[in-house]
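Dear colleague,

I am passing on the structure we spoke about, with the sequence alongside. Please look through it first, and then read my notes below.

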Amino acid sequence: MHHIEIYVGNLAQSQRFYSWLLPQLGFILYQAWTRGSSYRKDSFYIVFVQTDDSKLQYGFNRTHVGINHLAFTASDAQQVDEIREQLRARHIPLYMMTAFLLPEDPTIMRCLMKILTG
(Lines give C-alpha, C1' and ligand atoms only; values in the text may rest on other atoms or scores of the structure.)
Protein backbone atom coordinates (compact mmCIF):
# COMPACT_ATOMS: atom_id res chain seq x y z
CA MET A 1 0.00 0.00 0.00
CA HIS A 2 1.26 3.48 -0.85
CA HIS A 3 -0.76 5.74 1.50
CA ILE A 4 -4.03 6.33 3.33
CA GLU A 5 -5.72 9.73 3.50
CA ILE A 6 -8.12 10.29 6.40
CA TYR A 7 -10.42 13.28 6.71
CA VAL A 8 -10.84 14.18 10.38
CA GLY A 9 -13.35 16.26 12.31
CA ASN A 10 -10.79 17.94 14.58
CA LEU A 11 -7.32 18.18 13.07
CA ALA A 12 -5.69 19.59 16.22
CA GLN A 13 -7.00 16.69 18.31
CA SER A 14 -5.92 14.15 15.72
CA GLN A 15 -2.46 15.72 15.45
CA ARG A 16 -2.00 15.67 19.24
CA PHE A 17 -2.81 11.97 19.31
CA TYR A 18 -0.97 10.77 16.21
CA SER A 19 2.12 12.93 16.79
CA TRP A 20 2.50 10.95 20.02
CA LEU A 21 1.46 7.47 18.80
CA LEU A 22 2.95 7.18 15.33
CA PRO A 23 6.61 7.88 16.24
CA GLN A 24 6.41 5.01 18.74
CA LEU A 25 5.48 2.76 15.81
CA GLY A 26 8.33 3.95 13.58
CA PHE A 27 6.59 6.77 11.68
CA ILE A 28 8.12 10.22 11.24
CA LEU A 29 6.39 13.50 10.48
CA TYR A 30 6.57 13.79 6.70
CA GLN A 31 4.58 16.91 5.82
CA ALA A 32 2.55 19.55 7.68
CA TRP A 33 0.33 22.31 6.34
CA THR A 34 -2.56 24.41 7.64
CA ARG A 35 -5.28 21.83 7.03
CA GLY A 36 -3.32 18.61 7.36
CA SER A 37 -0.25 16.57 8.11
CA SER A 38 1.28 13.25 7.11
CA TYR A 39 3.51 10.63 8.71
CA ARG A 40 5.81 8.27 6.82
CA LYS A 41 7.18 4.83 7.59
CA ASP A 42 9.41 3.41 4.87
CA SER A 43 7.53 3.93 1.57
CA PHE A 44 4.06 4.15 3.21
CA TYR A 45 2.45 7.27 4.63
CA ILE A 46 -0.75 8.32 6.42
CA VAL A 47 -2.34 11.69 5.69
CA PHE A 48 -4.75 13.51 8.04
CA VAL A 49 -6.82 16.33 6.52
CA GLN A 50 -9.30 18.61 8.27
CA THR A 51 -12.80 17.92 6.94
CA ASP A 52 -14.42 20.96 5.39
CA ASP A 53 -16.81 22.67 7.83
CA SER A 54 -19.75 22.13 5.48
CA LYS A 55 -19.32 18.36 5.81
CA LEU A 56 -18.78 18.10 9.58
CA GLN A 57 -22.53 17.84 10.23
CA TYR A 58 -22.49 14.27 8.94
CA GLY A 59 -20.04 13.10 11.61
CA PHE A 60 -18.30 9.76 11.71
CA ASN A 61 -19.74 6.31 12.30
CA ARG A 62 -17.44 3.32 11.95
CA THR A 63 -20.31 1.12 10.73
CA HIS A 64 -21.14 3.43 7.82
CA VAL A 65 -19.32 3.52 4.50
CA GLY A 66 -15.62 4.16 5.05
CA ILE A 67 -12.78 2.89 7.19
CA ASN A 68 -13.82 0.89 10.25
CA HIS A 69 -10.45 0.94 12.03
CA LEU A 70 -6.70 1.15 11.58
CA ALA A 71 -4.42 -1.69 12.65
CA PHE A 72 -0.78 -0.88 13.38
CA THR A 73 2.06 -3.34 13.79
CA ALA A 74 3.96 -2.97 17.05
CA SER A 75 7.42 -4.39 17.67
CA ASP A 76 6.00 -6.92 20.16
CA ALA A 77 3.15 -7.52 22.60
CA GLN A 78 5.01 -5.59 25.32
CA GLN A 79 4.95 -2.44 23.18
CA VAL A 80 1.16 -2.77 22.79
CA ASP A 81 0.84 -3.08 26.58
CA GLU A 82 3.05 -0.02 27.07
CA ILE A 83 0.99 2.02 24.62
CA ARG A 84 -2.22 0.92 26.33
CA GLU A 85 -0.79 2.17 29.67
CA GLN A 86 0.26 5.44 28.06
CA LEU A 87 -3.27 5.88 26.73
CA ARG A 88 -4.57 5.50 30.28
CA ALA A 89 -1.99 8.01 31.54
CA ARG A 90 -3.14 10.46 28.85
CA HIS A 91 -6.73 9.99 30.06
CA ILE A 92 -7.91 8.52 26.76
CA PRO A 93 -10.84 6.33 27.81
CA LEU A 94 -10.12 2.76 26.81
CA TYR A 95 -13.82 2.03 26.47
CA MET A 96 -13.78 4.49 23.58
CA MET A 97 -10.23 3.90 22.37
CA THR A 98 -9.70 0.18 22.02
CA ALA A 99 -6.06 -0.80 21.83
CA PHE A 100 -5.71 -4.53 21.99
CA LEU A 101 -3.92 -7.49 20.49
CA LEU A 102 -5.48 -9.40 17.67
CA PRO A 103 -5.43 -13.15 18.35
CA GLU A 104 -4.03 -13.99 14.93
CA ASP A 105 -0.96 -11.77 15.48
CA PRO A 106 0.06 -10.47 18.92
CA THR A 107 2.00 -7.56 17.42
CA ILE A 108 -1.02 -5.99 15.73
CA MET A 109 -2.64 -3.17 17.65
CA ARG A 110 -6.15 -2.29 16.57
CA CYS A 111 -7.27 1.28 17.11
CA LEU A 112 -10.87 2.26 16.55
CA MET A 113 -11.03 5.50 14.63
CA LYS A 114 -13.87 7.33 16.39
CA ILE A 115 -11.74 8.66 19.23
CA LEU A 116 -8.61 8.99 17.12
CA THR A 117 -10.10 11.23 14.48
CA GLY A 118 -12.18 13.43 16.74
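The model is predicted, so local features are given only at pLDDT of at least 70 and side-chain atom pairs only at pLDDT 80 or more, whereas totals for chains, interfaces and linings use all residues. Residues are numbered from 1 along each chain as its sequence is written, and side-chain values use heavy atoms, with hydrogens and water left out.

The protein has 3 helices and 7 strands, where helices (H or I, at least four residues) and strands (E, at least two) are DSSP runs numbered from the N terminus. In order from the N terminus, the elements are β-α-β-β-β-β-α-β-β-α. Of its 118 residues, 39% count as buried; here buried means under 20% relative accessible area, exposed over 50%, and partly exposed in between, with a 1.4 Å probe and protein chains only. Among the contacts (heavy atoms within 4.5 Å) with a separation of 6 or more, 60% join residues 24 or more positions apart. The accessible surface comes to about 7100 Å², and 54% of that belongs to carbon and sulfur atoms; these areas come from the Shrake-Rupley method with a 1.4 Å probe, and for residues only the protein chains shown count as cover.

The largest nonpolar core has 22 residues, and those with the most contacts inside it are Tyr18, Leu21, Leu22, Phe27, Ile46, Phe48 and Phe72. Such a core is a set of buried Ala, Val, Leu, Ile, Met, Phe, Trp, Tyr and Cys residues joined through side-chain atoms within 4.5 Å. At least two residues of this core come from each of β1, α1, β4, β5 and α2 (77-89), and the largest share, 6 residues, is supplied by α1.

A search of the whole structure finds 6 aromatic pairs, a pair being two rings of Phe, Tyr or Trp (its six-membered ring) with centres within 6.5 Å, counted as stacked if the planes are under 30 degrees apart, edge-to-face if over 60 and tilted for the rest. One of them is Phe17 with Trp20, edge-to-face at 5.5 Å centre to centre and 65° between the planes; both residues lie in helix α1 (residues 11-24), 3 residues apart, about one turn of the helix, and both are buried. Tyr39 and Phe48 have ring centres 6.3 Å apart and planes at 70°, so this pair is edge-to-face as well, and both of these residues are buried. Phe17, Tyr18, Trp20, Tyr39 and Phe48 form one aromatic cluster.

Two loop residues remain. Thr51, in the loop between β4 and β5 (69-73), counts as buried because its relative accessibility is 12%; leaving aside residues up to four places away in sequence, Thr51 touches Tyr7, Val8, Gly9, Arg35 and Leu56. Asp42, in the loop between β3 (36-41) and β4, counts as exposed because its relative accessibility is 69%, and its phi is near 55°, a positive value in a residue other than glycine.

With best regards
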